[in-house]
2 protein chains.
Amino acid sequence: MVRSRGRIDKRQAILDGAFTVFARQGYAQACVQEIADEAGVAKPTVYNHLSDKATLFRHAMQAAAQTALHQRLAALEPLADPGPDLRATLEQVGHHLLRLHTDDRSCALRRLLYSEITQFPDLLDIVTESGPHRLTQAMADRLARLTLAGRLRAPDPDQAAEQFMALLTGPLEARSRMGTRQIGDAELHEIARAAVGTFLTAFGPADGRTAD
Amino acid sequence: MVRSRGRIDKRQAILDGAFTVFARQGYAQACVQEIADEAGVAKPTVYNHLSDKATLFRHAMQAAAQTALHQRLAALEPLADPGPDLRATLEQVGHHLLRLHTDDRSCALRRLLYSEITQFPDLLDIVTESGPHRLTQAMADRLARLTLAGRLRAPDPDQAAEQFMALLTGPLEARSRMGTRQIGDAELHEIARAAVGTFLTAFGPADGRTAD
DNA sequence: CCGTTATTGAACTCATGGGTTCAAAATACT
DNA sequence: AGTATTTTGAACCCATGAGTTCAATAACGG
């Protein structure tokens, strides 16, 4: 059995394995030996790369948050140049965001953040500020542009973005039983459609209530 | 024989202290000795009332969820007979809900639920079903009545309730930094006003946008 | 090839904390 | 009063797991 013994590869493997195990067990219940196994690595190797369990946790969370943020920002792309059917584009983006939001790693990240926020207050600056906040900001930018273009009526884009995100993710929490139940694609579409419907009724152009 | 054990009913003190410590430390980090101290009781007394740490946790969570639910349901009362100014009543109820939602014990309850949901899947049935779900249900009932009375236009009261709650609590999560920052009453009022504004624009009576 | 460095497994130390035992003391019930 | 029950403190047992040590070994660079 020749395992790849590159030094760089191991660090990434360790961080990935760490997040997987933390996600499955929670911080306190996860033992370093299990993380080492998950990463296909010996326990001392873990301590060779990351000094202790806490920093291991921090780095694993940071990495997971980074990828989550990038995925979400990418999902906003269609709003940069929405086609003639703004409603359809919003629904597409909304649905994409919902899919990312219900992703296993995403749910685990939120759960871990919630649970360890008291023990690791610095996680907020690492994760949240690089997370939801920047996402809402980007969304607000899009909405501002759309308002300037006369396709929306959102004089306060920050508030509109905040509420659009709320309309999307709010109903999820209850329905997904806090992330323990996987939600079918059809239901996600339905939630996105309802969210966009309400959003456009409130912030759509003047003649808003048209067809659907 | 008679159920009054020892001097007072220590059981309640234990459950209260347990929730306090769990809220402060998280499940795994909380040690039973500390709970005993918090409750002003000896450690064996704790085990005398609750068989082990897990059931102690479950009962503490259940008790906390009960009170939280009752408080929230009570907050909906004004909607049973709203005065002539529906907007004002909605804002009042919304603000009240937000205050309860940002309450320390409430935040701790949500945090603990999120964090231990994998270790205690049964908590969902104990807490969530007795929590947000029943609250949204009650809200939907109110909205249905208001629609029948011609004061709203919410043909799907369940969805309207779901979205109203989302508009209220969604913006909170980001702003309160997941419950770590206390939000001033003024900001809560602002959030409630914005939520009700959007809600009424979407679900208000036909001549909606005028009323103020 | 050979020295350097990273990795490995296994065993070890040590602190923490769940849960129990027990005899003494406090309390409640009659 | 007297008896049954609970509470209490302290000590105890024991499992778990973080973090370390170390000698053997695999990879890598020259």
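1. Ser115(A) is buried, with a relative accessible area of 12%; here buried means under 20% relative accessible area, exposed over 50% and partly exposed in between (1.4 Å probe, protein chains only). This is a predicted model, in which local features need pLDDT of at least 70, side-chain atom pairs count only at pLDDT 80 or more, and totals for chains, interfaces and linings use all residues. Residues are numbered from 1 along each chain as its sequence is written, chains are lettered from A and ligands numbered from 1 in the order in which they are written, and side-chain values use heavy atoms, with hydrogens and water left out.

2. Ser115(A) belongs to helix H6 of chain A. Helices (H or I, at least four residues) and strands (E, at least two) are DSSP runs numbered from the N terminus. The side chain of Ser115(A) makes a polar contact with that of Glu116(A), at 3.5 Å. A polar contact is a pair of N or O atoms within 3.5 Å; within protein, one must be able to donate a hydrogen and the other to accept it, and residues adjacent in sequence count only if both atoms are side-chain atoms.

3. How are the two chains related? Chain A is superposed on chain B by a rotation of 180 degrees with 0.1 Å of shift along its axis, at an RMSD of 0.1 Å. The two copies are thus related as by a two-fold rotation axis. The superposition is by least squares on the C-alpha atoms of residues with pLDDT of at least 70 in both copies. Of the residues of chain A, Ser115(A) comes closest to this axis, its C-alpha lying at 2.2 Å. Both copies use the same surface, as 100% of the contact residues of chain A recur in chain B.

4. Chain A has 10 helices and zero strands. Its C-alpha trace spans about 65 × 35 × 30 Å along the principal axes. Of its 212 residues, 48% count as buried. Among contacts in chain A with a separation of 6 or more, 68% come from residues 24 or more positions apart; contact means heavy atoms within 4.5 Å.

5. The interface can be described by residues and by area. In chain A, 35 residues are in contact with 35 residues of chain B. The area buried between the chains is about 3,600 Å², of which carbon and sulfur atoms give 58%. Buried area is the accessible area (1.4 Å probe) that two parts lose on being put together, summed over both.

6. Which polar terms cross the interface? There are four salt bridges between chain A and chain B, a salt bridge being a side-chain nitrogen of Lys or Arg within 4 Å of a carboxyl oxygen of Asp or Glu. The rule for polar contacts finds 12 residue pairs across the interface, both residues at pLDDT 80 or more. Helices H1, H6, H7, H9 and H10 of chain A each give two or more residues to the side that touches chain B. The largest share of that side, nine residues, comes from H9(A).

7. Glu162(B) pairs with Arg175(A), the closest N and O atoms being 2.8 Å apart. Arg177(B) and Asp125(A) meet at 3.0 Å, N to O. Arg177(B) lies in the loop between helix H9 and helix H10 of chain B and Asp125(A) in helix H7 of chain A, so the pair joins two chains. Arg177(B) is partly exposed at 24% relative accessible area, and Asp125(A) is partly exposed at 46%.

8. Within chain B, Arg142(B) forms a salt bridge with Glu77(B), with closest N and O atoms 3.4 Å apart. Arg142(B) lies in helix H8 and Glu77(B) in the loop between H4 and helix H5 of chain B, so the pair ties together parts 65 residues apart in sequence.

9. Helix H4 is examined in both chains. In chain B, its 23 residues (53-75) should span 33 Å at 1.5 Å a residue, and its end C-alpha atoms are 33 Å apart, which agrees; the expected span is 1.5 Å times one less than the number of residues. In chain A, H4 holds Leu69(A), which is buried at 4% relative accessibility. Leu69(A) touches Ser130(A), Gly131(A), Arg134(A) and Leu135(A), not counting residues up to four places away in sequence.
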